[in-house]
Amino acid sequence: MEFCPICTTSFDSDDRQIHCNGQRCNLAFHQRCVHLTEVHVRSWLDDDVGLFWYCPTCRLDIAPAASSSRVDGKHKLEAEAGEPSAIKRSRMDPSPRLPPEVWTMIFRHLASRELARVRLVCRDWNELVCTRSELMDRFLLKLGTAQFVDDLDEVRHFLALGGGFTRAEFNCENIGKERPRSAWFAALGQTLTTLTCRSIPFGFLYELLRALPNLKRLTIDNCFEYGKAVKPNYELAKLEELTIGFFKNKGHGKSIFPVLQQICPRITILNIREGRYWDFLDQISSFIRAVGKTLVELELSTSDAPDTPDALIGKIAYIKDLHLKRLKILCSEQHLLRLIRRQPTLEQLDCLGSVCYVATLDEISRILPNLKRLNLARVELRQNAAPNSLNFPCAEFIRVRHVDSSECLRFTQCPELRRLEISGAYLPTDALVSLQPIATKLTNISFANCTCDRLTEILTFIQQSRSLTTLELESLRVKIEQDVSVTGIRRSGIRHLKFFDVPKELLSALVELCPDLESLDIKVDLLEGNVAKIGRELKRLRFLALYVSPPELRLTSECLQQISTDFGALRKLQIHACVLPKEKVQEVLQGMRKNVEVSVDYWW
């Protein structure tokens, strides 16, 4: 097996080998290691041209300055000046000669800011990062009006280099006629997979997309059309996701969807967030019908219109080849049921409209037996609609947002449920009791802006949920004030706790109830006694985040002093909206161990 002498790695089947033309040398090198461009390689491989390439060793043998027998300073400098750049970099490069795959694994652990600094170290590392899509996904290329108008020449030169970017965002607001040419994006189009376009004329957009054949995700927002409608003669065969936001034009968008239908024939995800559906219902339904065979996810949501028009729901419901797995829609209960009756294979449903009757939920559970994710954004139960036990046998995630503190829905027949989020609901005792049968597999639960009768009921529920690992409590209100005690309650195995605007008595009880906590996010008024108890009880705590927004909440220097000394297992500390002087915070945290990562955001 052959190895490259520079990087000491073997050759893959798709690697191009560069052989030295030296008389007594038969070494082979990677093209990337010898830094030969495609133009150089084509010229070197062409027999009619007659060019030769020599490895660094053979180059020293034929270089007059390098073959000199004198070793004084003058000739030594001349010899080094005649050396190729690869040898100079090998002498200057302090890093070990590791395979590119190993460097890629190392660079994956860096954030985008640190990865940008890596690209400035040397040309080899810059080339490595630019040629690895998993690393270039960290970067976002942003070009706006300032660049297109003031630095158009620099933009042209920059786009010609390509840069290996996989994500880009273009904002062409008020650029006028000084817009870039579509041919400038040819090099960028070889690697670009995600594009967001804002305030761009559709005519220029169609020309631009022609130069980006590898796009997989496209977002169009606040775009407009003028002049005659165009008919592109190309397709984006790799495009999978299309998001259409607000747009404005003289023709009310009637020519936009037919053109997109021709350009994007095989998309799998379609998000339409334009509110003026009634202007082009036929165009939208025709577009969905054209991509129906490949479409698996559809979103029809907007803040400009109260509901999706009934006419559009009717047109979509009767598309024969449409078999959705994920649906997000803003409509009434009747329209929702009308649509999902034609989509029994749905696995994820996001209902953004109001749900007023439990019978609607019963019908959803009957129609969609394979539903895995359910999101009800607005539940407004009528007074005569008593909560019933709901059956979603395959559901793994359920989020319910109640309005006007309506009584919590009961989810008793959900054996596969892993995560449950309830907000704005009243939690009576029987509602918490109804959750106990599904607590055998429930790992994450969240109560936000909810009301309960007693805090002990929350503690009892936590203790009985033996599989629970993550608990989030935010703005929890209690009807009956009482002393909280964990005497006689078995300890819980919760590892992560988020505690925002909840009575401090409950925090003290949870610290005793959950001794195995590893991460704690709290937004509450802390005193020295609270901090001391947290440090004494939570011996495994590794992450602590404090939200101390004034004037309601405060954090004293004494509390910080206890955190720096009493939390032995802590590895990361975050303080948000700190009002203490920066110098005081730095002085107090000097005793913090060096292996603890500290991040402080100040209020001013």
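The model is predicted. Its 604 residues are 47% buried, and the chain contains 23 helices and 28 strands. The exposed surface comes to about 30600 Å², of which carbon and sulfur atoms supply 49%.

Attention now turns to the aromatic rings. Across the whole structure, a search finds eight aromatic pairs. One of them is formed by Phe170 and Phe185, whose ring centres are 5.5 Å apart and whose planes make an angle of 55°, a tilted arrangement. Phe170 belongs to strand 4 (residues 167-171), while Phe185 lies in the loop between strand 4 and strand 5 (194-198), so the pair ties together parts that are 15 residues apart in sequence. Both Phe170 and Phe185 are buried.

A further pair consists of Phe202 and Tyr206. Their planes stand at 40° and their ring centres are 6.0 Å apart, so this pair is tilted. Phe202 and Tyr206 are both in helix 12 (residues 202-210); because they are four residues apart there, about one helical turn separates them. Each of these two residues, Phe202 and Tyr206, is buried. Elsewhere, Trp103, Phe107 and Trp125 form one aromatic cluster.

Aromatic rings also meet charged side chains. The charged end of Arg373 is placed over the ring of Phe397, at 4.2 Å from the ring's centre. Lys498, in turn, lies over the face of Phe500, 5.1 Å from the centre of that ring.

Technical notes:
Residues numbered from 1 in each chain as written. Predicted model: local features only at pLDDT ≥ 70, side-chain atom pairs only at ≥ 80, totals over all residues. Heavy atoms only, no water. Helix = DSSP H or I, 4+ residues; strand = E, 2+ residues; numbered from the N terminus. Buried < 20%, exposed > 50% of the residue type's maximum accessible area, 1.4 Å probe, protein only. Areas by Shrake-Rupley, 256 points an atom, 1.4 Å probe, with all protein chains shown as cover. Phe/Tyr/Trp six-rings, centres within 6.5 Å; stacked < 30°, edge-to-face > 60°. Lys NZ or Arg CZ within 6 Å of the ring centre and 35° of its normal.
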